[in-house]
Amino acid sequence: KDSKAVVSTQSTGTSLLTKRAVGLPPTDDADIEWQKMVRDEEAKAARRLLKQQAEEEAEQYTVPGGVTTTAEPRPNAYIPDDLTELPVPRPYGALAPFKPTEPGACMRHIRKPVIKPIEI
């Protein structure tokens, strides 16, 4: 049967064996389907990566009580620079460093102060 198929296609000018030997797809639709498959696999991999990043970000913003927050985590301990002690994190307690919030949108209407030079 294969030899008859080659002979019948040779009368039209193209054969499956010669297309395969040259590196062309067996049919024009096969090439389009292959491109669709590759595109779908790349899109699936991109969706999987985005999902994984979203899960990691959600895990980052989960506090120990199980509550999810979008606030930036602030340090609650520091590592002392003393050479006499082990570098174990020590809690700040009531003396945690102050971190001001970002100015709101209404601050754009307020002029920045002009600092006058000090003359001695």
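**Entry: a charged patch**

I began with the surface charges. D28, D29, D31 and E33 form a negative surface patch. I keep in mind that this is a predicted model.

Which helix holds D31? I found D31 in helix α3, which covers residues 28-60. Is D31 buried, exposed or partly exposed? Its relative accessibility is 34%, so I noted D31 as partly exposed. Patch members need over 30% relative accessible area, and D31 has 34%.

**Entry: the salt bridge**

Next I looked for paired charges. How many salt bridges does the count give? I got one salt bridge. Which side chains meet in it? They are those of D40 and R39, with 3.6 Å from N to O.

I then checked the cover over D40. The relative accessibility of D40 is 44%. I therefore list D40 as partly exposed, since that value falls between the cut-offs of 20% and 50%.

**Entry: the overall layout**

I stepped back to the whole chain. I counted three helices and two strands in the protein. In what order do the elements run from the N terminus? I read them as α-α-α-β-β.

I looked up the burial figure too. The protein has 120 residues, and 2% of them count as buried.

Contacts came next. I took the contacts between residues at least 6 apart in sequence. Of these, 6% join residues at least 24 apart.

**Entry: L95**

My last stop was a leucine. Where does L95 lie? I placed L95 in the segment after β2, the strand at 90-91. Is L95 buried or exposed? I wrote down exposed, because its relative accessible area is 72% and the cut-off is over 50%.

I also looked up the spacing of L95 and N76. They are 19 residues apart in sequence. In space I noted 9.7 Å, C-alpha to C-alpha.

**Entry: recap**

D31 is partly exposed at 34%. D40 is partly exposed at 44%. L95 is exposed at 72%.

Conventions:
Residues numbered from 1 in each chain as written. Predicted model: local features only at pLDDT ≥ 70, side-chain atom pairs only at ≥ 80, totals over all residues. Heavy atoms only, no water. Patch = residues over 30% accessible without salt bridge, like charges linked within 9 Å, V, L, I, M, F, W, Y side chains within 5 Å. Areas by Shrake-Rupley, 256 points an atom, 1.4 Å probe, with all protein chains shown as cover. Salt bridge = Lys/Arg side-chain N within 4 Å of Asp/Glu carboxyl O. Lys, Arg positive; Asp, Glu negative; His and termini not counted. Charge placed at Lys NZ, Arg CZ, Asp CG, Glu CD. Helix = DSSP H or I, 4+ residues; strand = E, 2+ residues; numbered from the N terminus. Buried < 20%, exposed > 50% of the residue type's maximum accessible area, 1.4 Å probe, protein only. Contact = heavy atoms within 4.5 Å.
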